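Here is a briefing on one predicted model. The notes that follow are grouped by topic.

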Amino acid sequence: MEHCELYTASRKATGKSIGRTEKIPKGMYVLVVGIWTINSRGQLLLTYRHPQKPAWPSCWENSGGAVQKGETTLRAARRELREETGIDAPENEFVLLGTVKEGSAFVDCFLVYKDIELSELVLQEGETVDARWATPEELEEILTAHPEMEFVQLQINYADWENPAVQSRACYEV
């Protein structure tokens, strides 16, 4: 079973952990990552959650997941992207957009630039069942139709899109 480290409200590690499916104790937090994959056409990679997932089934989302005990958020972002899509990007290709505190989690949002055909993706069984490239406008339409996906909107709102590392990728304009 995967374990997640517990953190205080100021993101200090407590030295305690819980199983990934256990309820997070009141006043405690876990680390989560969200990964935005953008292609050279400025489209965002979205995956469709498996209909049997207990939380947010049958919804489009960006890649992401819980950080395992002893793992950095950068390593977790790389692992989650590889597990959910088969994209194996080196750590130096990830740009930290920012962190959002949502519910009982600190969500570190990362950006990675990749041109890959959908037919090349390897979707994670039991997690994702489809993938698509979407323009920012199409993503906005999806989020308007599915207000329950507020955690995706929070990542977009709190990301530092003005980060020089993001802006320097002129061929990947969003």
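The side chains of E61 and R49 form a salt bridge, with N and O 3.1 Å apart; the term stands for a side-chain nitrogen of Lys or Arg within 4 Å of a carboxyl oxygen of Asp or Glu. E61 belongs to strand β5 (residues 60-61) and R49 to strand β4 (residues 44-49), so the pair ties together parts that are 12 residues apart in sequence. Both E61 and R49 are buried, where buried means under 20% relative accessible area, exposed over 50% and partly exposed in between (1.4 Å probe, protein chains only). Strands (E, at least two residues) and helices (H or I, at least four) are DSSP runs, numbered from the N terminus.

The model is predicted: local features need pLDDT of at least 70, side-chain atom pairs count only at pLDDT 80 or more, and totals for chains, interfaces and linings use all residues. Residues are numbered from 1 along each chain as its sequence is written, and side-chain values use heavy atoms, with hydrogens and water left out.

**Other salt bridges**

- The whole structure holds 12 salt bridges.
- One of them joins E127 and K53, whose closest N and O atoms are 2.9 Å apart.
- This pair links distant parts of the chain, 74 residues apart: E127 is in the loop between β8 (105-113) and β9 (128-134), and K53 is in the loop between β4 and β5.
- K53 counts as buried because its relative accessibility is 13%.
- E91 and R75 form another salt bridge, with 3.1 Å between the closest N and O atoms.
- Here E91 sits in the loop between α1 and β7 (95-102) and R75 in helix α1, 16 residues apart.
- E91 is partly exposed at 28% relative accessibility, whereas R75 is exposed, with a relative accessible area of 52%.
- P90 is found in the loop between α1 and β7, and its relative accessible area of 33% makes P90 partly exposed.
- P90 and R75 are 15 residues apart in sequence, and their C-alpha atoms are 9.5 Å apart in space.

**R79 and its network**

- A network of salt bridges links E71, R79, E80 and E83.
- R79 has its place in helix α1 (residues 73-85).
- R79 counts as buried because its relative accessibility is 8%.
- Leaving aside neighbours within four places in sequence, R79 is in contact (heavy atoms within 4.5 Å) with A66, V67, Q68 and E71.

**Aromatic rings**

- There are three aromatic pairs in the structure; rings of Phe, Tyr and Trp (its six-membered ring) pair if their centres lie within 6.5 Å, and planes under 30 degrees apart count as stacked, over 60 as edge-to-face and the rest as tilted.
- The ring centres of Y29 and F106 are 5.2 Å apart and the planes are at 45 degrees, so the pair is tilted.
- Y29 lies in the loop between β2 (13-19) and β3 (30-38) and F106 in strand β8, so the pair ties together parts that are 77 residues apart in sequence.
- Y29 is buried at 14% relative accessibility, and F106 is buried at 8%.
- F94 and F110 have ring centres 6.3 Å apart and planes at 85 degrees, so the pair is edge-to-face.
- F94 is in the loop between α1 and β7, F110 is in strand β8, and the two are 16 residues apart.
- F94 is buried at 9% relative accessibility, and F110 is buried with a relative accessible area of 4%.

**Nonpolar cores**

- The largest nonpolar core has 25 residues, of which V30, W36, L46, L111 and L139 touch the most other members; such a core is a set of buried Ala, Val, Leu, Ile, Met, Phe, Trp, Tyr and Cys residues joined through side-chain atoms within 4.5 Å.
- Two or more residues of this core come from each of β1 (3-7), β3, β4, β7, β8 and α2.
- Strand β8 gives the most, with five residues.
- A second, separate core of 20 residues includes V33, A76, F94 and W133.

**Helix α2**

- In helix α2 (residues 136-145), L139, I142 and L143 are buried.
- These residues cover an arc of only 95 degrees around the axis (taken from the directions from the helix axis to the C-beta atoms), which puts them on the same side of α2.
- Exposed residues E137, E141, T144 and A145 are carried on the face of α2 turned away from its buried side.
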